[in-house]
Amino acid sequence: MTGELHYDVTGSGPVLLVLPGGAGHPMGLGPLTERLAARFTVVTYDPLGLAHGRLGRPVAEQRVTDWSEGAHRVLEAVLPAGGSAYVFGMSSGGIAALDLLARHPERLAHVVAHEPPVVGVLADAARQRAMFVEVADTFRAAGLRAAGARLAAVLDGGPAPAPEDADAQPPAPGEELESPMGVFLTRVLHPFTAYLPDVPALRSVAARLTLAAGSASRGRLLHRTATTAAESAGARFTEFPGGHVGVLEHPEESARCLVDTLWAGHSPYPAAL
């Protein structure tokens with residue numbers, strides 16, 4: 001993989017690589033990373049450079065391997081010789097974190113993947129993947145608000161809402177590139193939810209992996225996905241505060257939970273933040 005790397009670094013201490021969800025834009029993560037920077041050198045990877053001046057530019061359909069290989073290159077750039085890093089990935093970033101661990105475990109001390117939508121591990125994988133395809137189709141037919149409502153329904157396991165007529169407007173040409181959510185729905189959602197983790201590779205390093213889900217996600221799709229992925233890989237499972245975006249809504253509690261989780265995974269830092 002070639003090309004410019006986009007990432008931000010704050011704090012000091014062991015390296016903690018943060019892989020945001022959605023289209024990889026780190027919006028809203030400031031309160032979380034500020035707290036983590038008291039304990040770690042926090043490296044926040046922006047795989048598409050959307051927070052670094054590239055929003056609105058053309059974006060190809062994304063591949064999980066591109067994100068994970070980019071993350072590996074970031075670690076090679078920031079880690080000292082012989083050093084290792086911790087990784088925290090959320091949603092689509094959690095999928096990239098799983099792929100990174102499967103491909104490059106030698107530089108990773110512990111990986112926490114929060115609600116990665118790796119629905120391929122589920123018994124009803126084909127049905128769930130088809131529902132995510134419907135979300136992308138809804139965006140193209142009825143626009144961002146309708147697609148967001150459809151995605152929320154998929155994650156909740158409820159029926160698809162009917163878009164209001166006033167909101168059911170197809171996006172203008174190129175409109176999907178104007179927002180991180182548009183990029184996510186049209187360039188990231190389908191290929192990432194179609195991804196199947198390398199379970200044998202993850203089982204071989206299961207001691208360095210924790211799957212996580214929000215406590216408010218119990219009974220919902222991605223809580224079931226996280227617990228099933230943990231069972232398949234022989235990894236630990238833990239709960240974080242809130243739901244799918246709980247790390248944004250509860251940054252202080254989520255930071256504590258992450259440090260606790262890394263400590264349980266033999267991090268050198270006990271929990272207090």
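This is a predicted model: local features need pLDDT of at least 70, side-chain atom pairs count only at pLDDT 80 or more; totals for chains, interfaces and linings use all residues.
1. The crossing of the two helices, H3 and H4, is right-handed.

2. On the H3 side, the contact with H4 is made by Val 64, Thr 65, Trp 67, Ser 68, Glu 69, Ala 71, His 72 and Leu 75, and on the H4 side by Ser 92, Gly 93, Ile 95, Ala 96, Asp 99, Leu 100 and Arg 103. Sorted by class, the contact of H3 with H4 comprises seven nonpolar, five polar and three charged residues.

3. Ser 91 belongs to the loop between strand S4 (85-90) and H4. Its backbone deserves a look during review: phi of Ser 91 is near 55°, which is a positive value in a residue other than glycine. Ser 91 is also buried, having a relative accessible area of 12%, which falls under the 20% limit for that term.

4. Glu 115 is found in the loop between strand S5 (108-114) and H5, and for this residue, too, which is other than glycine, phi is positive, near 45°. The relative accessible area of Glu 115 is 1%, so the residue counts as buried.

5. Gln 128 is placed within helix H5 (residues 125-142) and is buried, with a relative accessible area of 4%. The side chain of Gln 128 is joined to that of Asp 124 by a polar contact of 2.9 Å. When neighbours within four places in sequence are left aside, Gln 128 is in contact with Val 119, Leu 122, Leu 221 and Arg 224.

6. H5 also packs against helix H6 (residues 144-156), at an angle of about 165° and with the axes 7 Å apart; because of that angle, H5 is roughly antiparallel to H6. The crossing in which H5 passes H6 is right-handed.

7. The residues of H5 that make the contact with H6 are Met 131, Phe 132, Glu 134, Val 135, Thr 138, Phe 139 and Ala 142, while H6 contributes Leu 144, Ala 146, Ala 147, Arg 150, Leu 151, Val 154 and Leu 155. By class, the contact of H5 with H6 divides into eleven nonpolar residues, one polar residue and two charged residues.

Methods
Residues are numbered from 1 along each chain as its sequence is written. Side-chain values use heavy atoms; hydrogens and water are left out. A crossing is left-handed if the near helix is turned anticlockwise from the far one by less than a right angle, and right-handed if clockwise. Helices (H or I, at least four residues) and strands (E, at least two) are DSSP runs, numbered from the N terminus. Contact means heavy atoms within 4.5 Å. Ala, Val, Leu, Ile, Met, Phe, Trp, Tyr, Cys and Pro count as nonpolar, Asp, Glu, Lys and Arg as charged, and the others, Gly among them, as polar. Buried means under 20% relative accessible area, exposed over 50%, partly exposed in between (1.4 Å probe, protein chains only). A polar contact is a pair of N or O atoms within 3.5 Å; within protein, one must be able to donate a hydrogen and the other to accept it, and residues adjacent in sequence count only if both atoms are side-chain atoms. Axes are lines fitted to C-alpha atoms, for helices over the stretch in contact, and angles run from 0 to 180 degrees between N-to-C directions. Angles under 35 degrees count as roughly parallel, over 145 as roughly antiparallel, 65 to 115 as roughly perpendicular and the rest as oblique.
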